[in-house]
Amino acid sequence: MSWIEKLYETYDNCDGRPQFAGHPLLPISHTTQKAHIEIVIGEDGSFISARALTDDEAETLMPCTEAASGRTGQTPVNFPLIDKLQYVAGDFVPFGGEPTVGFANNPTLPHQWFLADLRKWVNSPFTHPKLTAIEAYVSTGTLMADLVGQKVLLSNGTGGFLKKWEGEKKEAPALYQALKEAVEDAVVRWRVQTPGVALSSTWEDPMLIKAWIDYYNDWKTENSPSRLCMVKGHEAPTADMHPTKIRSAGDKAKLISSNDDKGFTFRGRFADPETPSSGAALSGKLLSAAEQACTVSYEVSQKSHLALRWLVDFDRRQAFRNGSQVFVAWEYSGISLPQPFLNTFQLFSATKLDTGYIGDAGQAFGQRMSKFMNGYRQELGNTAGIAVIGIDCATGNQGRMSILYYRELTGSGFLDQVEAWHTTLAWMQHRILDMRAVDFLGAPAPNEIAEAAYGSFEKDKNKKLLKATIERLVPCIIEGRALPKDIVDCAVRRACNRTAFKNEKVGTKAQPREHAWEQQLGIACSLYKGWNKQHTYQMGLEEERRTRDYLYGRLLAIADFIEGRALNVAGEKRDTNAARNMQRFAERPYSTWVHIEKSLVPYQQRLNAKRHGFLKLMKKELDAVHCLFIGDDYRKDSKLDGEFLLAFHCQRQRLWDDENARREKSKNQSDTNDETTN
């Protein structure tokens, strides 16, 4: 129960704090719902006006009971104040409305429930003047007639309301555009205009919100037995049902549920609740198996679930979403954290990093990452409490939700792990962001790693593999576990198959072939570098490294560069032999290199005539690499590992940088000569 205790603590620490005023936590015993109709009444309950709401203003805070928050079935219970037409309108049925199928035998029952509950609240010590006005208006039973009169709903010409718009879509009234064929499901909210009172909305009135909390807490105290709360450690009214809407407004899955206690869940684990001699009695009342399993107080359940819902909101807090799968990292008092599930470019708030390969770029990157993390360390301190939780539901938005992952860390421990992840996997990465190419040093995000290993996950049948892969990667980030070798091998293997990226999609958008492969290459190198703990690789060309795999990677890059230049000189656009044979080269490097080297001869002849100086430099590079092989390593034809990709990437970058430097030098000399001549 540690996770629920930390969420409860987070709610108490963050609720009402000024820094969260723009995105506050929801009050307990409340939920949110999109309202579609707003009715304005006077303080005496007289009708004033009504209008359809736009989608931007529809989100509405509303009082909620336990039963209403998770209502399902054919006879769903009502909300106390804001609800659908079948509950709030006394003339819903006379105007042709059809209530939920379970109310067919008594179609007015939903309204009777709503009005009865509203009157109980009005007549309690926790009433409010706005409630009295709403109760007076609802009691008149003219809501549907008023909506038709205001043309929020349209008359069907036979004494009822129009349920479906048949005309041109663009000419439909606002409510019919919003709900299309479900206008009967429109939710109504209230404004009460009172002379001298500026705030007319019920959903924003702090006194009305407090009135409902006090009323419902009083009701729970009287009607729900007090038992030991296993989170707080003392007796309190227990939660009979637990909140939904954790991941989104339409989320019906629950983290805590025990509605099958008479079936299989608790069989054989606890005393039989039907046997008085079993010892399961408390204060003369037998406990059900579910109650013996765990009891959580209503207050703890509400606060912990509302805190998690607040944290899961991606735009506001620290959540990483992958469909129905959500991971959240947070500090108990609401201090901002670096998001551990982003790539380094995103982590640095889209600040472009130095792309140079002069010397070891890793040292400069490590210093920048350390400086970045030190800013958080000063704010967090070493003893701050941080938790990471992952949740998902096998059935999407229904049923039971599971906790995939949960860990608690100190502030220093969390930052150390995040920093280690980004520095250990740091490598040159390539992305297409907002229709522009971005190169940066750093680590990829978990979802990017999954796609690099297994390809696109657009088809639903592959979504489970994406979720499972991300679930395996999270402990590598948070706990520093070793990267799974099968994921590394898959990413390396796909990077070697360069020509397969012709029709590849990376992420949700189609990208040009070379951009997609460049992204794949950067991620594969990053994973191999992070996985191979036996060697420390620089983020630049290591000219003294003499391992067979590294040297063969350098040879392939030089051959690719030579042929690529020859094709460019001739104005041809096609793959080089090195690119076409890269996968074969990784499997049998010596025999494939012999073929690639022979295929370079005509391109070298072409360059000898037009780019003699360039060709001379490239031959010198090839000779230098050949001389570094030790013994018979050159003639071995066994499979290469991911190290050759690191060498290929670094050697190619060095060649590009040297070429750019030569061009810049030539340009500067030309400008100097022009100035001298003038």
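These legends describe several close-up views of one predicted model.

Residues are numbered from 1 along each chain as its sequence is written.

**View 1**
The chain has 24 helices and 18 strands. Helices (H or I, at least four residues) and strands (E, at least two) are DSSP runs, numbered from the N terminus. Of the 678 residues, 50% are buried. Buried means under 20% relative accessible area, exposed means over 50%, and partly exposed lies in between (1.4 Å probe, protein chains only). Take the contacts between residues at least 6 apart in sequence: 68% of them join residues at least 24 apart. A contact means heavy atoms within 4.5 Å.

**View 2. Helix H15 runs from residue 463 to residue 478.**
H15 has 16 residues, which should span 22 Å at 1.5 Å a residue. Its end C-alpha atoms are 23 Å apart, which agrees. The expected span is 1.5 Å times one less than the number of residues. Buried residues of H15 include Leu466, Ile470, Leu473, Val474 and Ile478. Lys467 and Thr469 are also buried. Gly480 follows the helix, with a positive phi near 75 degrees.

**View 3. Helix H16 packs with helix H17.**
Two packed helices are described by the angle between their axes and the distance between the axes. Here H16 (residues 485-496) and H17 (residues 513-531) meet at about 145 degrees, with axes 9 Å apart. Axes are lines fitted to C-alpha atoms, for helices over the stretch in contact, and angles run from 0 to 180 degrees between N-to-C directions. The crossing of H16 with H17 is left-handed. That is, the near helix is turned anticlockwise from the far one by less than a right angle; clockwise would be right-handed. H16 contributes Lys485, Ile487, Val488, Ala491, Val492, Arg494 and Ala495 to the contact. From H17 come Trp517, Gln520, Leu521, Ala524, Leu527, Tyr528 and Trp531. By type, the residues of this contact are 11 nonpolar, one polar and two charged. Ala, Val, Leu, Ile, Met, Phe, Trp, Tyr, Cys and Pro count as nonpolar, Asp, Glu, Lys and Arg as charged, and the others, Gly among them, as polar. H16 itself has 12 residues and reaches 17 Å from its first C-alpha to its last, close to the 16 Å expected. Its buried residues include Cys490 and Cys496.

**View 4. Two residues other than glycine show a positive phi.**
Most residues other than glycine have a negative phi. Ser29 has a phi of about 65 degrees. Ser29 sits in the loop between helix H1 (2-14) and strand E1 (30-34). It counts as buried because its relative accessibility is 1%. Lys245 has a phi of about 60 degrees. Lys245 is in the loop between E8 and E9. At 6% relative accessibility, Lys245 counts as buried.

**View 5. Leu255 lies in the loop between strand E8 (235-237) and strand E9 (281-282).**
Leu255 counts as buried, at 14% relative accessibility. Leu255 and His242 are 13 residues apart along the chain, and their C-alpha atoms are separated by 7.9 Å. Beyond residues up to four places away in sequence, Leu255 touches Trp3, Ile246, His305, Leu308, Ile391, Met401, Ser402 and Ile403.

**View 6. Thr202 lies in the loop between strand E6 (187-193) and helix H8 (206-223).**
Thr202 counts as buried, at 4% relative accessibility. A polar atom of its side chain lies 3.2 Å from the backbone oxygen of Trp190. Leaving out residues up to four places away in sequence, the residues that Thr202 touches include Leu81, Lys130, Trp190 and Leu208.

**View 7. Asn581 lies in the loop between helix H19 (577-580) and helix H20 (582-587).**
Asn581 counts as buried, at 12% relative accessibility. Its side chain reaches the backbone oxygen of Asn577 at 2.8 Å. Not counting residues up to four places away in sequence, Asn581 touches Thr592, His595 and Ile596.

Conventions: Predicted model: local features only at pLDDT ≥ 70, side-chain atom pairs only at ≥ 80, totals over all residues. Heavy atoms only, no water. Polar contact = N/O pair within 3.5 Å; in protein donor to acceptor, adjacent residues only side chain to side chain.
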